[in-house]
Amino acid sequence: MDIEQQGEFIQSEEVSGGQIILPGDALPGLIYVIPQEQRPFFPGQIIPLVMEAKTWLSTLEAVKEQKQEIVGLIASKDNRTKSNHPQDLYNMGTACRIHRVHTQGAQLQVLLEGLRRFRVQQWISTTPPLAVNAQYFPDRLEARSEEEKAYAIAIINTIKELIPLNPLYGEELKVFLARSNPNEPSQLADFAASLTSASKADLQEVLETVSLLRRLEKVVELLHRELEIARTQMEIRQNIEEEIQGHQRETFLRQQLKFIQKELGIAKDDKTAEIDEFTERLAKLVVPEAAQQKIDDELHKLSLLEVGSADYGVTRNYLDWLTSVPWGVYSKDTEDLSRATQILNSHHEGLQDVKERIIEFLALGIMKGNVAGSIICLVGPPGVGKTSLGRSIAEALHRKFYRFSVGGMRDEAEIKGHRRTYIGALPGKLIQALKDTGVANPVIMLDEIDKIGASYQGDPASALLEVLDPEQNSSFHDHYLDVDFDLSKVLFICTANQLDTIPAPLLDRMEVIHLSGYLDKEKYSIARKHLLPRQLVRAGLRKRGDITIDAPALRKIIEGYSREAGVRRLDKTLASVVRKAVIKILQKAKKPIAITRDNLEDYLGKPLYEKEPLEQGVGVVTGLAWTALGGATLPVEATRVHDRQAGLRTTGQLGDVMQESAHIAHSYLVANAQQFLVPEGYFDNAFIHLHVPAGATPKDGPSAGITMACALLSLARNKQIKANCAMTGELTLTGKVYPIGGIREKLLAAKRQHIKTVILPAANERDYDEVPAHIRKGIKVRFVASFADVVALVF
C-alpha cells in the first residue's frame with residue numbers, strides 16, 4: 001500500500017471530534033514534512049522559505065498531488081540543515097499552506113502560511129519526501145476566561161512598550177496592534193512569541209504548549225525578558241550617542257575657536273605656528289650660509305605641503321633637527337688652572353702623573369684660547385676611574401658633558417646618521433649629543449673604544465676617523481642633516497682597557513694617557529674618603545656613626561677580597577658589608593655596628609686571595625706579566641723528569657708565542673751550556689718539564705723569555721737565583737734581551753708583592769722613566785741588554 005492509500009484510512013482529530021469543517025479547511029491525516037533549521041514557525045505567520053531544489057522538489061511535487069497543498073514545518077533540534085532523520089527533529093510543528101513556489105537556479109523560494117499546530121503520531125516515510133501521521137490541535141478563537149483576556153492585554157501593552165525601544169519594530173506592528181483584540185488571545189500569543197529574540201528551545205516550548213492559558217504565561221515571560229534586553233540596549237545606545245555627540249560638539253567648538261582666533265590674529269594654524277617656531281629658533285643661532293640656504297629651501301617646501309601629506313611629517317622632523325642643533329652656540333671655558341687642579345684632586349686619589357698630564361693639556365688650550373684640537377685616550381684596567389676622569393675634565397673646563405659607549409657598535413649610521421630616505425631615520429650620536437647639551441663645544445666621551453665592532457652595515461671605527469681628526473672634523477657631514485657641522489671645538493675623550501684592538505689609523509689620531517692601577521695605600525684612601533661614604537648614603541644611613549669599619553678591617557678587605565688594579569670590586573665588597581650591617585641594624589642590634597679585622601669574615605666569608613709568599617728554590621723564577629686587569633706576578637717552574645731521552649714539555653695553557661719563548665730559551669741554553677757553567681752533557685739526555693701556574697688561566701706573550709731561561713739554568717746548575725727578585729724580557733736565539741710592554745703595570749704588581757729587585761730590558765729604560773715616582777719608590781731596577789747580564793745579576 002503506498003502513502004496516498006494509507007492516508008485514506010487515517011482520520012484527523014477534527015473529523016473524529018465531530019466539529020463542522022468547511023471543505024477548504026479540512027487538513028489531511030497524512031502530511032508531508034520539511035525540516036526548518038532556524039526558529040520554529042507559528043500558526044498565523046506568513047513567511048518565505050528558501051530550500052535546496054535537489055532535496056525538497058520531490059516533497060513539493062508530492063504535496064501538489066494531494067490537491068490541498070498542505071505541508072508541515074518541523075524545527076530541527078540543531079542547525080544542521082542536511083539532517084533529515086526523525087530523531088534530529090522535534091515532535092511538534094506547524095501545518096502550512098503553500099501559496100507560491102518559485103524556482104531560482106538550484107534554490108526554491110516557497111511562500112507559506114501557518115495554519116495549525118500538529119504532533120507527529122507516526123513516521124510514514126523517513127526519507128524525502130518525509131511523511132507523518134498528524135494529530136492537529138485547533139486554536140480557540142475567543143477567550144473563555146477573564147484571566148486569558150488579562151494576559152492578552154498584558155501582551156499588547158508590553159509590545160507597545162517595545163516599539164519605541166527597538167527601531168526594528170515598524171509601522172506594520174503598530175497597525176497589527178491597532179487591530180488586535182484581547183478576546184482573540186491565541187493568535188496574539190503566537191504572534192508575540194515570534195517577535196522575540198528568544199532561543200529556539202524557548203520558542204519550541206511555546207509551540208508545543210497546547211493549553212492557551214499556559215501558553216499566554218510563557219509568552220508574557222518571554223516578552224518581559226525581551227523588554228529588559230531592549231531597555232539595556234537603548235541605555236547603551238544613548239550613552240554611546242551622548243559620548244559621540246559630546247566629542248563632535250567639542251571638535252566643532254574647537255574648530256570655531258581656531259577660526260575666530262585666526263580671524264582676529266590671536267592664533268595661527270598648525271603649519272604657520274611650526275614655521276614661526278623654527279624661525280624663532282634660527283634667530284638665536286649663527287647658522288653658516290650653506291646650512292641657512294638648506295633651511296630656507298625646506299621652510300619654503302613645508303609652507304607648500306598639506307599637513308596631512310607624508311612628506312609634511314618628514315620635512316617637519318628634518319627642520320626640527322636642523323633648528324635644534326646649536327649652530328654657533330659655545331660655552332665659555334674657565335681659565336682658572338688652580339680650580340681645575342682642585343676639582344681633579346677632590347674627585348680622584350693618586351694618579352698624580354695623569355692629573356699633571358691633564359693640567360698640561362688644559363694649560364695649553366687656555367694659552368691658545370681653545371681647549372680642543374687633540375683627542376685624549378685614557379687607557380687602563382677596569383675600575384681605575386677613566387669615565388669619572390672625563391667628567392672631572394668637563395667640570396674643570398665648565399663645559400657640558402655627554403657620554404655614549406661605542407663598545408659593540410656595528411652600524412656606521414650610529415656615528416654618521418641614517419639617510420632621510422629611510423623610515424624612522426635619525427642623525428648620528430654626535431649630532432644627538434650636540435642637541436642634548438645645547439652647545440657646540442661639549443666634552444664628548446666615547447667609552448670602550450677598544451671594543452668597537454664591524455659588520456655588513458659598515459665599520460664605525462672608520463667612520464670615527466673623520467670625527468677624531470682635527471684636520472677633518474671642522475666639516476663633519478652627518479647623513480641625516482646633509483650639511484656640514486663644525487666639530488673642531490668639541491673635546492673628545494676616549495676610554496679603553498687596551499690599545500691592541502684599536503685600529504692603528506684611529507689610534508694615530510689620539511693622545512694616549514695611561515692609567516695604571518692603584519696601590520693598596522691609594523685604595524685605602526679612596527675607600528675611606530669616597531667609596532664607603534657613598535655606600536652609607538645609598539643604604540639610607542643618615543648617621544655615619546651607625547656603621548664603622550676600622551683601618552685593619554679595611555686593609556684586609558683590600559688585600560684579601562679586591563686585589564685587582566681598579567676599585568670596582570672594592571666598591572662592591574664594601575656594599576656587601578654595608579648591606580649585612582643594615583640587616584643587623586633592622587634587627588635591633590646595638591649601635592654602632594663595628595666591623596673589625598676579627599669579625600670581617602662573618603660579613604664576607606673567607607678571603608678570596610691569601611697572601612702568597614714568593615716561590616723560591618731550584619728551577620723556580622718569578623716573572624712579571626701584563627693583563628687586562630693590570631699587572632701580575634708569574635712564577636715559572638722547571639723540573640727534570642728523567643734522563644732517558646732529551647726533550648722539553650710545557651704546560652699551563654701557554655699560547656703559541658709563549659711556547660716559542662720556552663723553546664728558544666731551551667735551545668739557547670743547550671747551545672751555550674758551557675758558557676753558563678752547565679754540567680757537561682746535562683741537556684743531552686734530560687727530559688725537562690716547564691710549567692707556568694695557574695693552569696686554568698690562558699697565557700701568552702714574549703715577555704717571559706729570560707724568566708724561562710733562568711728557570712732552566714737554575715735547574716741545570718742546581719742552584720736557586722737571588723731571593724726577592726723578578727724579571728721580564730724577551731730572549732732571542734743570540735742571547736739578546738728585547739724590550740716588552742706594560743712596564744708600569746708590571747712594576748705595580750712587583751710593588752704589591754713587595755719585590756725589591758726587578759730586571760728589565762735596557763731598551764725599556766725610557767718607559768721606566770715615565771713611571772710615577774711613587775710606584776718606582778722602594779724597587780731596585782736593573783737593566784740588561786743580554787742574557788749574560790741577567791745571569792751575572794741573579795747567580
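Predicted model: local features only at pLDDT ≥ 70, side-chain atom pairs only at ≥ 80, totals over all residues.

Colleague: Let us begin with helix packing. At what angle do helix H4 and helix H6 pack, and how far apart are their axes?

Modeller: Helix H4, residues 146–165, and helix H6, residues 185–195, pack at an angle of about 35°. Their axes are 10 Å apart.

Colleague: Is the crossing of H4 and H6 left-handed or right-handed?

Modeller: The crossing of H4 and H6 is left-handed. On the H4 side, the contact is made by Glu148, Ala152, Ile155, Ile156 and Ile159. H6 contributes Pro185, Leu188, Ala189, Ala192 and Leu195. By class, the residues of this contact divide into nine nonpolar, no polar and one charged.

Colleague: Which residues lie nearest the centre of the largest cavity?

Modeller: The lining of the largest cavity comprises 13 residues, of which Glu615, Gln616, Val620, Ile721 and Lys722 lie nearest its centre. Strand E16, residues 620–627, gives the most to this lining, with three residues. The classes of the lining are six nonpolar, five polar and two charged.

Colleague: Turning to burial, how many of the eight residues of helix H17 are buried?

Modeller: A residue is called buried when its relative accessible area is under 20%. Helix H17, residues 460–467, is mostly covered, with six of its eight residues buried. The buried ones are Pro460, Ala461, Ala463, Leu464, Glu466 and Val467.

Colleague: What covers the buried residues of H17?

Modeller: The cover includes helices H15 (413–416), H16 (429–437) and H18 (504–507). It also includes strands E9 (443–447), E10 (476–477) and E12 (491–496).

Colleague: Let us consider the backbone. Where is a peptide bond cis, with omega near 0°?

Modeller: The bond from Pro128 to Pro129 is cis, with omega near 0°. Pro129 lies in the loop between strand E5 (107–125) and strand E6 (130–137). The peptide bond from Lys591 to Pro592 is also cis, with omega near -5°. Pro592 is in the loop between helix H21 (568–586) and strand E15 (593–595).

Colleague: What is the phi of Glu448, and where does this residue lie?

Modeller: Glu448 is not a glycine, yet has a positive phi of about 55°. Glu448 is placed in the loop between E9 and H17. Because its relative accessibility is 26%, Glu448 counts as partly exposed.

Colleague: And what is the phi of Asn718?

Modeller: Asn718, which is not a glycine, has a positive phi of about 55°. Asn718 lies in the loop between helix H25 (705–717) and strand E20 (725–727). At 60% relative accessibility, Asn718 counts as exposed.

Colleague: Finally, is Lys332 buried or exposed?

Modeller: Lys332 has a relative accessible area of 68% and is therefore exposed. The loop between helix H11 (310–324) and helix H12 (337–347) holds Lys332. Not counting residues up to four places away in sequence, Lys332 touches Leu397 and His398. From Lys332 to Val577 there are 245 residues in sequence and 44 Å in space, C-alpha to C-alpha.

Conventions
Residues numbered from 1 in each chain as written. Heavy atoms only, no water. Axes fitted to C-alpha atoms, helices over the stretch in contact; angles between N-to-C directions. Helix = DSSP H or I, 4+ residues; strand = E, 2+ residues; numbered from the N terminus. Left-handed = near helix turned anticlockwise from the far one by under 90°. Contact = heavy atoms within 4.5 Å. Nonpolar A, V, L, I, M, F, W, Y, C, P; charged D, E, K, R; others polar. 1 Å grid on protein atoms, 1.4 Å probe; cavity = no way out; pocket = protein on both sides within 12 Å on 5 of 7 lines; lining within 4 Å. Buried < 20%, exposed > 50% of the residue type's maximum accessible area, 1.4 Å probe, protein only.
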